[in-house]
Amino acid sequence: MTKKSAKKRIVIKPNFVPQVPMLDTPGLRQLAKREHLDVPQKIIPGKRKETLEQLGGHFIGRQRRDVSVKNTSEFYLHLYLAIEKERLIRNNRATLFPKENINISWDSYFYPDFLIVGEDKISFGEVKSISVNGGKPFFGYRQLAGYIRSLLENPGANIVTGIFKYGKSRPCKYYVCHKEDEHKCDNRCLAKNLSKTTRSLLVIPDNLLAFLVMLPYPQEMDQRKTRRGGGKEIYKRPYGEWLTYLVDHWDNPGLAIGKILKHAKSKNLGLVNFSLDDFFLDNLEAERVTSSKNIYCRSHRGFPMYNVTPFNVVRYKNETYTTKTSPHDDWIDYLRNNLDDFLEGLGIKEVYYERLERVSIANVKTTPLPDTPKDGIPI
């Protein structure tokens, strides 16, 4: 008998941002003074005033968490492409471009994680990651506006969103190994923890995403370090429970949708003035597979290689073709014909048209005046 060849090893190499080291006590005190952290603190009854080293430690801790957030996103983008790249390229018959090679920007706040450009279609990809302990993905207003405009202005366009869940059943901070080693842990800890505790990947089409982000109330929050620009941003954040329903009940999408609506109702949430029919989810189908055992993570900076523990991958699609058009095409046409209603339901109408106007002004072509008037009359 011919011996079967071993499956090729897949190695992802996320380019992690170096973790911020914790300073010693004198260094923390100097940091607190340099950053003016020793301004008069609000006195809370029964709570002792924090020392300079404590204030400096909190400052470094926030920096470490910011680095961890960036590196977690980097890890899962590379992991997603390792799992889905061949499938995406095959289905689109086109080349995949990672975010560093993307040169499309109608809006300075719309940066998809990857892009697939084919002869007759274009796919925008977004990768999110959340903890199993109450995590919710972030979908900013300006990001959602970019999604919708890209769908409407590019024939055959679609948005593919992948959402990873990671973590253990008990709370765990992934920027540290153990609480007692909080100040010593580096990116090796993060890579090892994420490699061992990734729970699932949920892949959803744009109409299912629109349904999920229509339900929750908006939240205004500080702009994340991973985003460009500053100030505040308004987010829609679907509940982690909803994503769990979609993963657990992949073989019965209707049941998953029903559980989502029931949970949303218990939180006084809903579809505003829309019904379920407005999202064209009747033909929603899903499949579940297990990720490869041969995926490994290794940093560009050369820390040890960690095997990524296999996890469930659930993919939803809405591409059951009819004689003329697909349900996805019908959904895009419906979105185009009812655009203002959808924008109002999502709460992004003002943002959408504001960004659209800014881009239109920026794209206006101007004709410079000649240095010397042709008629010889200086005006």
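**View 1. Helix H3 is mostly covered, with twelve of its 13 residues buried.** Buried here is under 20% relative accessible area, exposed is over 50%, and partly exposed is in between (1.4 Å probe, protein chains only). The buried set runs through Tyr141, Arg142, Gln143, Leu144, Ala145, Gly146, Tyr147, Ile148, Arg149, Ser150, Leu151 and Leu152. This is a predicted model, where local features need pLDDT of at least 70 and side-chain atom pairs pLDDT 80 or more, while totals for chains, interfaces and linings use all residues. Residues are numbered from 1 along each chain as its sequence is written, and side-chain values use heavy atoms, with hydrogens and water left out. Helices (H or I, at least four residues) and strands (E, at least two) are DSSP runs, numbered from the N terminus.

**View 2. A cavity lined in part by H3.** The count comes to one cavity of 30 Å³ or more, and the largest cavity has a volume of about 130 Å³. Its lining has 13 residues, and Tyr147, Ile148, Leu151, Asp206 and Ala210 are the closest to its centre. H3, helix H5 (206–214), helix H8 (327–337) and helix H9 (339–346) each give two or more residues to the lining. By class, the lining has twelve nonpolar, no polar and one charged residues. (A cavity is a set of points on a 1 Å grid over the protein atoms alone where a 1.4 Å probe fits but cannot get out; lining residues have an atom within 4 Å of a point. Points are joined across faces, edges and corners, and the volume is the space filled by probe spheres set on them. Ala, Val, Leu, Ile, Met, Phe, Trp, Tyr, Cys and Pro count as nonpolar, Asp, Glu, Lys and Arg as charged, and the others, Gly among them, as polar.)

**View 3. Salt bridges, nine of them in the whole structure.** The cut-off is a side-chain nitrogen of Lys or Arg within 4 Å of a carboxyl oxygen of Asp or Glu. Arg142 meets Glu233 at 3.3 Å, N to O. Arg142 sits in helix H3 and Glu233 in strand E9 (residues 232–236), so this pair ties together parts 91 residues apart in sequence. Both Arg142 and Glu233 are buried. Glu287 bridges to Arg315, with the closest N and O atoms 3.0 Å apart. Here strand E10 (residues 285–290) supplies Glu287 and strand E13 (residues 312–317) supplies Arg315, 28 residues apart. Glu287 is partly exposed at 33% relative accessible area, whereas Arg315 is buried at 10%. Shared partners join Glu84, Glu287 and Arg315 into one network.

**View 4. Aromatic pairs, 17 in the count.** Rings of Phe, Tyr and Trp (its six-membered ring) pair if their centres lie within 6.5 Å; planes under 30 degrees apart are stacked, over 60 edge-to-face, and the rest tilted. Tyr76 and Tyr166 are stacked, 5.7 Å centre to centre with 25° between the planes. Tyr76 lies in helix H2 and Tyr166 in strand E6 (residues 158–166), so the pair ties together parts 90 residues apart in sequence. Tyr76 is buried at 0% relative accessibility, and Tyr166 is buried at 12%. Trp331 and Phe342 go edge-to-face instead, at 5.5 Å and 75°.

Definitions and conventions. 1 Å grid on protein atoms, 1.4 Å probe; cavity = no way out; pocket = protein on both sides within 12 Å on 5 of 7 lines; lining within 4 Å.
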